[in-house]
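Here is a short briefing on charged side chains that pair up. Look over the sequence and the model first.

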Amino acid sequence: MPGYEYDVFISYSSVGSAPKWLRNNFYQKFMDCLHDQVAPAPRVFLDKGMARGVHWPAELQKALRHSKIMIAVLSPPYFESPWCLAEWRSMRARENLLGLASPQCPQGLIYPLLYSDSENFPDEEGLQRAWWNFKELALPDKVFQESRDWLLFHQRVCDVARDVVELVQQVPDWRPDWPVIDVPKPLLLPQPSIPRFSR
């Protein structure tokens, strides 16, 4: 049946250390904190792997279309990725359709986590919003869990989980006309000519 399948879609670049941080440290802690807040816990989509034969671009678009909000893990490669920008712009288009993230209703559907940088981000529409700063807690290796900063990390992820639980309960009903911005198809370049040796 049409409707929401996920409460949260996690959008991130596969370049850099953010994917390792998500899988090693953030995702499981986030799920634990969500379970501590409410039962049943919100459903979270993170593309940890897809079944064989699945057309992954279509699967990502379907998951985003059927998610209530999007957590965007912001880093410089995020804004270089056509996939990440398509996800961001799709959710921005939904916000525009609903009049969200606007002067009349400042709350939006994009929930940013700052992973790294922020001084060199582009002037992307909708970027002017508050985020949780994880820059000093952006250690991607599992050994981070043995450090003194792990307690601060736990507390901050719990704060995110509390926000998310509150936010997903306020999201408008699902609509079949949610916009999805397609990723530009790659340009097919002509094959280089075969070099010829002259006699």
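At 7% relative accessibility, Arg92 is buried, because buried means under 20%. This is a predicted model. Its salt bridges number nine. Side chains of opposite charge can pair when their charged atoms come close.

**Glu95 and Arg92**
- Arg92 forms a salt bridge with Glu95, and their closest N and O atoms are 2.6 Å apart.
- Both residues sit in helix α3, which spans residues 82-98.
- Glu95 and Arg92 are three residues apart, or about one turn of the helix.
- Glu95 has 0% relative accessibility, so Glu95 counts as buried.

**Glu95 and Arg129**
- Glu95 also forms a salt bridge with Arg129, with the closest N and O atoms 3.0 Å apart.
- This pair links distant parts of the chain, 34 residues apart.
- Glu95 lies in helix α3, while Arg129 lies in the loop between β4 (110-114) and β5 (132-133).
- Arg129 counts as buried because its relative accessibility is 17%, and the cut-off is under 20%.

**Asp177 and Arg175**
- A salt bridge joins the side chains of Asp177 and Arg175, at 2.9 Å from N to O.
- Are these two residues buried or partly exposed?
- Asp177 is partly exposed, with a relative accessible area of 41%.
- Arg175 is partly exposed as well, at 30% relative accessibility.
- Both values fall between the cut-offs of 20% and 50%, so neither residue counts as buried or exposed.

**A network**
- Salt bridges link Asp7, Arg43 and Lys68 in a network.

Conventions: Residues numbered from 1 in each chain as written. Predicted model: local features only at pLDDT ≥ 70, side-chain atom pairs only at ≥ 80, totals over all residues. Heavy atoms only, no water. Salt bridge = Lys/Arg side-chain N within 4 Å of Asp/Glu carboxyl O. Helix = DSSP H or I, 4+ residues; strand = E, 2+ residues; numbered from the N terminus. Buried < 20%, exposed > 50% of the residue type's maximum accessible area, 1.4 Å probe, protein only.
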